[in-house]
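Open the model in your viewer and keep the sequence panel beside it. The stops below say what to select next and what is found there.

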Amino acid sequence: VKSNSTAEENRPDFEASNRRSRDDPNFQEASTQVLNHREDNVSEEEWLDGDHGDHGIIPEFDNNQLDFGVEQFHSELHDWHKNKEGEFHQLSTNTERILESSLGNNESDIEAVLSLIKDWNAFLSSITSDLYSLSDFRRRNRQYPPSDFLTSITYDAAEKAESLLAHLLEKGGASLPPEVEVNAYKVSMEAWSRVFHPQSGDRCETILEQYGERFGGDMNFMPPVDAYKTVLEAHLKSCSSYSPKSEGESSGEKALGLTNLLTSLHTAGDLFLNPDLELYSLTISAVRNTLLDWQARRRFQHDETNSALERELAAGLLGAFEQMESSLEDVLGDNAGKQLSLNQWHCVIRAYADGLAPVSRIPPADDNENTAQYLLTKLEHFISTNAVHSIDKAGLSDTDVKNLSEDIQRNLEESYTSAISSGLILSKERGAFADFNSSLNNAVSSEEIFQRMIQRSQESPPDMGYLFPPPAPEHYLALVESWCECVRKVSGEIM
């Protein structure tokens with residue numbers, strides 16, 4: 001973990017970044033902090049609309065941003081940046097006022113600090129939700145680091161929240177009630193879990209270590225599994241800004257290490273740290289982001305030296321899948337004949353989608369093996385087996401149900417896209433299909449997945465259409481590309 005002083009030296013000024021943000025379609029200057037995956041004078045919409053080959057980007061055919069054009073998008077984005085700057089400065093003023101005051105031991109003073117940390121969390125949470133609302137590209141391609149503005153403003157906000165934690169611990173001292181101190185650790189960790197920065201996972205984990213050192217032996221206040229999930233969410237946001245192994249472990253490797261540690265502790269008899277479906281799902285998501293980032297860098301930089309690292313990390317991802325499936329068996333065994341919750345459905349399906357995305361682009365050790373199609377088959381089996389039971393939606397609002405259902409359908413659509421495209425992508429990784437028959441076999445396999453998707457959607461149980469989505473334009477595109485490769489192959493052989 002880097003020291004705070006080093007992070008401070010390397011951290012860009014978000015106010016300057018805002019004036020030249022890479023989220024601005026007119027921004028010309030390449031960021032020195034992150035790898036450019038597209039030309040900076042090209043908007044995300046123009047990039048998606050162009051032909052740039054397969055870089056792991058899932059095209060979006062129904063993007064609302066296209067309706068109002070680049071100029072209006074630029075205007076709305078500029079206004080959004082300005083509003084966020086205003087919120088940041090207002091919260092900063094409130095923070096400085098509290099830091100300069102002498103904190104009393106009365107309940108109102110302590111509550112004021114905790115409330116302000118929560119305000120910072122709400123601010124950070126709004127950035128993530130607004131970012132995904134403004135840009136479907138960002139929502140679908142979470143492995144790409146966002147603009148300097150977003151990286152810096154979220155980092156600065158979390159540092160402000162952590163400074164309030166330090167102030168509370170320093171001034172409150174031993175007089176703080178343990179439940180208050182525990183709450184302060186948790187909300188400060190949540191702040192770092194919403195930061196788009198390579199060090200956000202490390203900073204969140206540092207607070208967890210403080211928390212554990214303070215209450216690790218106390219059965220009433222020791223860090224629960226949810227605290228470790230918060231760290232995983234921070235690693236998930238730790239968009240990589242460097243090549244593999246150049247600066248230590250990646251966020252995906254750290255997430256795997258943390259999950260393996262918890263699994264080992266639970267296996268050894270620690271009943272309080274029981275990894276669940278959500279924890280494994282978050283781990284797989286973090287590994288996904290790292291793998292897709294590595295793969296993109298290797299293709300852009302024409303560097304094959306790290307392909308072995310990709311396979312090694314992919315093996316860790318599949319190991320996390322085995323652990324998740326074991327946990328799922330325990331859940332289903334404990335709830336025989338009962339329904340899974342919508343949140344559990346979401347965790348499992350998101351894990352499969354996040355696993356399929358990178359493994360569909362990694363050549364297997366055995367040329368006859370297709371890991372992506374294997375995972376898709378397991379996903380389909382899970383859905384078919386469990387969709388016969390109703391889904392538990394207790395405690396969820398109508399908005400929560402709608403958002404989770406839509407995200408489940410999106411993840412399933414991406415899973416099918418990955419599986420249909422896998423053979424063609426892998427052939428490009430190897431150079432090309434060896435001959436026409438190889439390309440034909442791949443097209444037939446893609447066609448079978450496509451037709452299976454149609455059949456499953458037609459046999460969907462009532463009110464469960466989001467678990468059995470029909471083919472969307474991207475699936476037709478992936479299938480057409482597979483058959484076009486056959487035409488190119490046979491044309492080349494004739495020539």
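Select L282, which lies in helix α12 (residues 277-301); helices here are DSSP runs of H or I with at least four residues, strands are runs of E with at least two, and both are numbered from the N terminus. L282 is buried, at a relative accessible area of 2%. The terms are these: buried is under 20% relative accessible area, exposed is over 50%, and partly exposed is in between, using a 1.4 Å probe and protein chains only. Now show what L282 touches: K229, L232, E233, L236 and R350, leaving out residues up to four places away in sequence. Contact means heavy atoms within 4.5 Å. K229 is 53 residues from L282 along the chain, yet their C-alpha atoms are separated by 7.4 Å.

This is a predicted model, in which local features need pLDDT of at least 70 and side-chain atom pairs count only at pLDDT 80 or more, while totals for chains, interfaces and linings use all residues. Residues are numbered from 1 along each chain as its sequence is written, and side-chain values use heavy atoms, with hydrogens and water left out.

Zoom out to the whole protein. It has 18 helices and 0 strands. Of its 495 residues, 53% count as buried. Among contacts with a separation of 6 or more, 78% are between residues 24 or more positions apart.

Next, select helix α8 (residues 178-192) and helix α10 (residues 225-237), which pack at about 20° with their axes 8 Å apart. Axes are lines fitted to C-alpha atoms, for helices over the stretch in contact, and angles run from 0 to 180 degrees between N-to-C directions. The angle makes α8 roughly parallel to α10; under 35 degrees counts as roughly parallel, over 145 as roughly antiparallel, 65 to 115 as roughly perpendicular, and the rest as oblique. Show the side chains where the two helices meet: M189, E190 and W192 from α8, and A227, T230, V231 and A234 from α10. By class, this contact of α8 with α10 has 5 nonpolar residues, 1 polar and 1 charged. Ala, Val, Leu, Ile, Met, Phe, Trp, Tyr, Cys and Pro count as nonpolar, Asp, Glu, Lys and Arg as charged, and the others, Gly among them, as polar.

How do the axes of α10 and α11 cross? They come within 9 Å and cross at roughly 165°, which makes α10 roughly antiparallel to α11. The contact is made by Y228, V231, L232 and H235 of α10 with S251, K254, A255, L258, T259 and L262 of α11. Its residues divide into 6 nonpolar, 3 polar and 1 charged.

Stay on α11 (residues 251-267). Its 17 residues reach 24 Å from first C-alpha to last, close to the 24 Å expected at 1.5 Å a residue; the expected span is 1.5 Å times one less than the number of residues. Its buried residues include S251, L256, L258 and L262. Just after α11, G269 takes a positive phi of about 120°.

For T206, go to helix α9 (residues 200-215). At 27% relative accessibility, T206 counts as partly exposed. T206 and V231 are 25 residues apart in sequence, and their C-alpha atoms are 9.4 Å apart in space.

Is T95, the next stop, buried or exposed? T95 is buried, with a relative accessible area of 0%, and its place is in helix α4 (residues 65-99). Beyond residues up to four places away in sequence, T95 touches L116, W120, K160, S163 and L164.

Select helix α14 (residues 342-359). Its 18 residues should span 26 Å at 1.5 Å a residue, and its end C-alpha atoms are 26 Å apart, which agrees. Of the 18 residues of α14, 16 are buried, so the helix is largely enclosed by the rest of the structure.

The last stop is D463, in the loop between α17 (436-458) and α18 (473-494). D463 is exposed, with a relative accessible area of 74%. Its phi is near 65°, a positive value in a residue other than glycine.
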